[in-house]
Amino acid sequence: MKEEEIEKPQAMKIRQGIQDAMTHTLPEKEFNPDNIDLVEVDIELNNIGWEFHNYRILNLCDIHLGQWINPEYLDALVDYVNNLNYDLITLTGDYVSYVIDGYDTALAKSLSKLKAPDGKYGVLGNHDHWMGADKIREIFKNSDIIDLSNDTVELCRNNDKVNLAGVDSCTVCADDLDKVLAKLDDDYPTILLAHEPDFAKQSSQTGKIDLQISGHSHGGQFIVPGFETTPFRGPNSTKYPVGLYNVGDMVQYTSKGLGTNSFRIRINCKPEITIITLKNRNKKRIQIE
């Protein structure tokens with residue numbers, strides 16, 4: 001889909017003006033790891049090889065740089081991430097909000113600094129398309145991030161493999177799951193990056209996706225204590241707005257994300273960095289001679 005064909009929100013210029021006003025009136029906001037949820041999730045997969053048992057995937061999403069998150073904050077967050085223990089980084093969309101000019105250089109600088117032993121892989125969100133998908137893809141390229149929008153790669157460790165796949169934003173109708181499915185090796189488990197969590201309804205019905213990782217919802221920016229869910233659910237995040245779900249035979253995980261949209265308020269819903277540890281649910285037999 002061409003950029004000029006993407007339907008952008010009404011009153012885009014008004015939203016851009018509001019973001020500019022927020023950015024310029026925002027008091028200094030420094031990154032503090034105490035204000036972040038470092039969420040560790042163990043996910044068991046039936047057919048994952050032992051070489052990928054305890055494999056750690058760090059996911060970042062919904063940075064929304066320039067709208068409450070400033071370049072200095074993001075740079076310090078990257079320094080924090082680089083000291084964590086993980087094998088691979090995934091990024092699941094919305095790196096900017098309604099303004100990209102003036103933030104593209106800072107975004108590229110921070111994403112370039114991210115270190116990952118097995119690489120960095122990402123997909124785009126709806127805001128990225130509204131602001132210019134080509135610009136974000138160029139930042140990906142210059143930051144050594146592999147764009148998995150409607151594409152797949154194979155992660156290999158000795159004789160074991162995992163399919164890592166991604167779909168582009170379904171909010172702007174840029175997703176092409178059929179293209180992804182045609183490339184998958186069905187003998188190995190598949191992890192899908194999809195910005196919008198409710199895409200799980202479609203991906204789970206294929207019977208070929210084991211785990212979907214998403215963002216988009218910001219956790220509703222308000223989580224009801226004791227229920228660990230949110231009443232505030234936007235388009236494409238009404239069914240699976242926060243946390244872990246079983247959708248048929250597939251596991252869906254929705255991150256609360258890093259930034260916010262419109263309102264800066266988060267209640268019982270800290271920004272999130274997620275580390276997913278893959279587990280083989282079968283007991284490993286030890287041969288005794």
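Which residues does Val81 touch, not counting residues up to four places away in sequence? Val81 touches Leu58, Leu60, Tyr86, Ile89, Leu114 and Ile273, where a contact means heavy atoms within 4.5 Å. The model is predicted: local features need pLDDT of at least 70, side-chain atom pairs count only at pLDDT 80 or more, and totals for chains, interfaces and linings use all residues. Residues are numbered from 1 along each chain as its sequence is written, and side-chain values use heavy atoms, with hydrogens and water left out.

**Overall architecture**

- The chain contains six helices and 12 strands; these are DSSP runs, numbered from the N terminus, with helices being H or I of at least four residues and strands E of at least two.
- Among contacts with a separation of 6 or more, 75% join residues 24 or more positions apart.
- The chain has 289 residues, of which 56% count as buried (under 20% relative accessible area, with exposed over 50% and partly exposed in between; 1.4 Å probe, protein chains only).
- Its accessible surface is about 13,700 Å², and carbon and sulfur atoms hold 47% of this area (Shrake-Rupley method, 1.4 Å probe; for residues, only the protein chains shown count as cover).

**Nonpolar cores**

- A nonpolar core is a set of buried Ala, Val, Leu, Ile, Met, Phe, Trp, Tyr and Cys residues joined through side-chain atoms within 4.5 Å.
- The largest such core has 40 residues, and Leu58, Val81, Leu107, Ile136 and Ile273 touch the most other members.
- Two or more residues of this core come from each of β2 (55–60), α2 (71–81), β3 (88–92), α3 (104–113), α4 (126–142) and β12 (272–280).
- Helix α4 makes the greatest contribution to this core, with six residues.
- A second, separate core comprises 23 residues, including Val41, Ile43, Ile48 and Tyr55.

**Aromatic pairs**

- Rings of Phe, Tyr and Trp (its six-membered ring) pair if their centres lie within 6.5 Å; planes under 30 degrees apart count as stacked, over 60 as edge-to-face and the rest as tilted.
- Seven aromatic pairs are counted by this rule.
- Tyr95 and Phe140 are edge-to-face, because their ring centres are 5.5 Å apart and their planes stand at 75°.
- Tyr95 is in the loop between β3 and α3 and Phe140 is in helix α4, so this pair ties together parts 45 residues apart in sequence; Tyr95 and Phe140 are both buried.
- Tyr98 and Trp130 form a stacked pair, with 6.5 Å centre to centre and 10° between the planes.
- Tyr98, in the loop between β3 and α3, and Trp130, in helix α4, are 32 residues apart.
- Tyr98 counts as buried because its relative accessibility is 5%, and Trp130 counts as buried because its value is 10%.
- One aromatic cluster is formed by Phe31, Tyr73 and Tyr80.
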